[in-house]
Amino acid sequence: MSRLELEAALNPEQVEAVTHEGPAQLVLAGAGSGKTRVITYRVAWLVEERGVDPSRIAAVTFTNKAAAEMRERIEGLLGLYPLPAFVGTFHRLALRLLRRYGPKVDLPNDFSILDGSDQLTIVKRSMKAAGVPDDAFRPQAVLGAISQAKNKLIGPALYNREVDDFFGRKVAAVYQHYQAALREAAAVDFDDMIRLSVELLRTQAPIRRRVQGQWRHVLVDEFQDTNHAQLALIEALVGTTGQLTAVGDEDQGIYRWRGAELENILRFEHTFPGATIRKLERNYRSTQNILDASGAVVARNEKRRGKELWTDSGAGDKILLYRARDEEDEARWIAGALSDLEPGLGWRRLAVLVRTNAQTRAVEDALLRRGVPYTLVAGVRFYERAEIKDLVAYLRLLRNPENPLAFERALNRPARGIGKTTQTKLSQLAASEGKSRWALLADERALRTVLAGRAIQALGRFRQLIDDLRREAEILPLPALLRQVLDATGYLEQFDTEDEADRARVENIEELVSAAQELTEKEGYSGEEDVLGAFLDQASLASDTDSLGGGGVSLMTLHAAKGLEFGAVVVSGLEEGLLPHFNSAADADSLEEERRLFYVGMTRAEERLVLTTCRRRRVAGKWQDQEESRFLAEVPGDLLRVEHSPELFASRHEPAPRWGESLDRRRGRSREDVMRFFGRAAEDVSQEPAEEPPTAAQARLFEPSTPAGGRLKRGSRVRHGKLGLGKVLSIEGQGDDAKLVVFFDGIGRRKLIAKYAQLDVI
């Protein structure tokens, strides 16, 4: 492949990266700038033009899908030339090293690799061996701490020396037992594969020289996602004589929670002295308006090198921002907007991106009602998630205890001492007696023929639980019934709020309660309507979507969208507490990652970008006031076209706007007036009357000084020692006895007395 051929296929910046000569280079590739082309064409250049033996080239990325795509592209470019010696993931690279040289780090060649379930089982056993009760520390949290230590190349002994807190000391004890159990089982986990590969290359000089001599050219994709251990592996592979091409984008570093260290890309030339830094800023995906809007947002971050993306495809449409009254209004509008976009783009080129899995429920329901085909990408449909199916099974059982599928699912979820052996014997007895399993639970004589007393008692408690809940179902509204199911079964007690996955499951359960509340209000409830039946039908409809799943609208989280692109993208739920997520708002680094996550979502769009936000949203069935995401204020106003729901103005007895009418021309109001109207957190109109205009006394400055020395007034931004950042919604009265209503980011509205509030004005 000559340079002339390269120049015909690539832009000048790409050509320079492909033909790089020297020890190391970092290619900062902005979103949609053709980073994969750089890696694949560089492989072809090295083989065809520089005469490098393909067996001396290794290309590394993070996912099997990305590796397969890279391999396919390289194969197409090389033609009859053989493929590089290695094109795959970090873990596959480590596996190749350990299969060959494992005994050098006390690992047999036939070692096994543990999956997540196996790891959790061994952690639980290790906790027991270390005397750490699992009701004191969740096994998932302990396993997460061990994983973080391994990603930093910290073994059990060093971890034990470094920790200085109670939890850390307990983890250290478990860590030692956990590693001993792995050795006994001749097994490794995924973190160990990288850690042991680094140990191998660092401690075994002959092997290190052999490996470095074999792979003289190393190419790494998505460099911003590397953790400490992966960076150490790259350093060991390259050594002082190899050539490294790393491609990445610091603005798309969104996996800090998984151990990725952004410093790896920010300090590249410190790790690899003499490295060349190049930028790819020409974008081949999005319109200039989308690039300018997303660029203005991510430019607020301090931890970045900086890029200015440009395109020659034109300015394109402005970004559309829709302000909804609530999530149902938001979802309904999204379904309509997608239907309007479909004729020009097709369903497959449309996507809806959300911050959390729980947000998909309302959108899925709206798409189903409108008949919009969709596919839930890299996730499980809301009503097919395990925790949702468990609770729906309970509801089905309350409606009909003879339902065999619901009985089977609910019987031992959460665990109540009814194991597989008991369940098998119960099923066999039911078949021989010609009865349902539910009916057998009342027949203690028959149960005693096959089961021990402890199992019979557990089954009896389960039957009593369902009988009690069935009586409750006759009188309780559906949302209250769901909460009663959660309380009576202890279902929520199995989740650890410190664990990321468990927090997502709890959020999904809260969203199910919200769905029940929504349906109850829609159907009405007088005790006569079959709201439970309607809800179960809705769940069945939402699960039975095979006919709609053939490549329709893509519905996914922002994390899952990385690396993808669509003709039109809707980024939904732009509110404080969601994006940025409330777990991240108080930490500067986490807040910057949330901003990068928003940037990733925006830059998935090719032609049309739509943003939506709600004034209020249900959390566990109750309305919660929402404040717009701070990130929306970072999008330049001249790049936005704003639409707002008529329901917002209808709820305030104000005339509804015409669709598409911009804020600054709406009924003669100034842009500032309308922005102030929408910037305030919504009142909970389901529980309290709409807010009246402030009186003169309420509008006056609040007289007493706050600890920070400022003056409180309506609209002030404040900080509380425990509740965090907030905004004053109203002030009633004067002096120390004044009553304040403050909306705290990620927590919601709180009522405080001035003299006890201890607020700092910021």
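The exercises below concern a predicted model, and each is followed by a worked solution.

**Exercise 1. Determine in which order the seven strands of the open sheet are arranged, and which strands lie at its edges.**

Reading across the open sheet, the seven strands follow the order β11-β12-β10-β13-β14-β9-β17, with parallel pairing. The edge strands are β11 (374-376) and β17 (640-644), each of which pairs on one side only. From one strand to the next, the twist averages 20°. Within this sheet, strand β10 (residues 350-354) and strand β13 (residues 566-571) pair in the parallel sense over four bridges, and Leu-353 stands opposite Val-571 in β13.

**Exercise 2. Describe how helix α15 is oriented relative to helix α28.**

Begin with the geometry: the axes of α15 and helix α28 (residues 588-602) come within 9 Å and cross at roughly 175°. Angles over 145 degrees count as roughly antiparallel, and therefore α15 is roughly antiparallel to α28. Next, identify the residues in contact, which include Ile-290, Ala-293 and Val-297 of α15, together with Phe-598, Tyr-599 and Met-602 of α28. Sorted by class, the contact of α15 with α28 has seven nonpolar, two polar and two charged residues.

**Exercise 3. Decide whether Asn-508 is buried or exposed, and list what Asn-508 touches.**

First locate the residue: Asn-508 lies in helix α25 (residues 500-523). Its relative accessibility is 3%, and because buried means under 20%, Asn-508 counts as buried. Leaving aside residues up to four places away in sequence, Asn-508 touches Asn-357, Ala-358, Phe-382, Arg-385, Glu-387 and Ile-388.

How values were computed: Residues are numbered from 1 along each chain as its sequence is written. This is a predicted model: local features need pLDDT of at least 70, side-chain atom pairs count only at pLDDT 80 or more; totals for chains, interfaces and linings use all residues. Side-chain values use heavy atoms; hydrogens and water are left out. Helices (H or I, at least four residues) and strands (E, at least two) are DSSP runs, numbered from the N terminus. Buried means under 20% relative accessible area, exposed over 50%, partly exposed in between (1.4 Å probe, protein chains only). Contact means heavy atoms within 4.5 Å. Two strands pair if DSSP finds at least two bridges between them. Axes are lines fitted to C-alpha atoms, for helices over the stretch in contact, and angles run from 0 to 180 degrees between N-to-C directions. Angles under 35 degrees count as roughly parallel, over 145 as roughly antiparallel, 65 to 115 as roughly perpendicular and the rest as oblique. Ala, Val, Leu, Ile, Met, Phe, Trp, Tyr, Cys and Pro count as nonpolar, Asp, Glu, Lys and Arg as charged, and the others, Gly among them, as polar.
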